Amino acid sequence: MPPPAAEPFARPDRVAAIDGLRGLLAVVVLAWHACERLGVNWMLVFANIAVGLFFVMSGYVLTRGWDGRFGLFLVRRFVRLWPVYALCLGAGYLIAGVHPVWSEFFWLPYMGPNASPAIDPPIWSLFIEAYAMPLMPLIVWAGAASGLRAGLCMAAAAAVGLAVPQVSALPLFMGGAFLARTAWRNRLLEYALPQWLGRVSYSLYLSHFLVLELAVRVLGPWGGVAAIPVAFAVGWLVWLAVERPSIRLSRRIAARLRPPARGHSLAIQSGDV
């Protein structure tokens with residue numbers, strides 16, 4: 001029996017600590033890619049944890065902004081995610097000197113974390129995100145359940161993920177959806193620097209490897225470390241020139257297709273993950 005339609009879940013408050021945490025986790029991934037050529041292999045564990053938490057936070061934020069309008073949700077997610085993704089994927093192919101696989105610009109076929117050649121390694125997690133978005137009603141439904149039912153849903157999703165890698169992170173999205181009923185606070189993560197990092201985290205996450213790769217080619221293994229300030233600058237520029245306009249366009253689409261309603265005006269912002 002299919003699950004019942006997910007009820008609107010939108011909450012009017014933005015959780016600033018989540019933005020700060022997202023920014024710090026993006027820095028963890030950047031640090032791993034800067035140091036991996038120096039043999040600092042222990043950082044891979046923390047980078048993998050960071051990516052897993054990205055999926056949890058995505059489920060958390062998107063569930064808090066969920067209003068039940070599935071078609072509008074998918075349009076907004078595409079507008080929100082695709083421009084930076086396409087830019088970094090295209091730049092990665094240019095840097096690698098490899099002819100692009102054009103279908104990958106629309107997340108086809110599935111690209112896993114060990115894809116070769118490594119055009120822009122962080123890109124693989126966007127495939128996971130893209131494949132999870134059509135399942136958002138299921139994610140919200142699982143998150144709105146009791147603890148036992150949510151746990152069973154996560155266990156079932158994990159079993160499916162063993163056979164279907166495209167949905168292997170589905171339990172993490174469901175876990176985030178379950179946590180969406182709470183508003184998490186952390187003063188340290190709400191300070192200006194973590195908030196700035198959170199603002200540019202998506203652009204930084206997808207662009208930093210390209211900057212570090214070019215630096216390593218020129219300067220050798222230590223080039224990745226030396227180029228960290230440049231990676232932050234490029235991430236900010238990508239946010240300014242590409243990501244921020246895509247967020248604004250996503251909000252305009254929402255405003256045009258869904259007139260603001262009481263309790264939903266700030267939910268538009270809460271989906272900007």
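Residues are numbered from 1 along each chain as its sequence is written. Local features need pLDDT of at least 70 and side-chain atom pairs count only at pLDDT 80 or more, while totals for chains, interfaces and linings use all residues, and side-chain values use heavy atoms, with hydrogens and water left out.

The chain holds 11 helices and zero strands; these are DSSP runs, with helices (H or I) of at least four residues and strands (E) of at least two, numbered from the N terminus. Of its 273 residues, 49% are buried, meaning under 20% relative accessible area with a 1.4 Å probe, protein chains only. Among contacts (heavy atoms within 4.5 Å) with a separation of 6 or more, 77% link residues 24 or more positions apart.

Now for confidence. The mean pLDDT (the predictor's confidence in each residue, from 0 to 100) is 91, and 90% of the residues reach 70 or more.

| Stretch | pLDDT | Contacts in the model |
|---|---|---|
| Residues 1-5 | below 50 | three, beyond near neighbours in sequence |
| Residues 262-271 | under 50 | 20, beyond four places in sequence |

Where pLDDT is low, the predicted coordinates should not be read in detail.

Helix 10 deserves a look of its own. Spanning residues 228-257, helix 10 reaches 41 Å from its first C-alpha to its last, close to the 44 Å expected at 1.5 Å times one less than its number of residues. At W239, helix 10 bends by about 45°, the angle between axes fitted to the seven residues ending there and the seven starting there. W239 is also buried, as are G235, V238 and E243 in this helix.

Methods: Buried means under 20% relative accessible area, exposed over 50%, partly exposed in between (1.4 Å probe, protein chains only).
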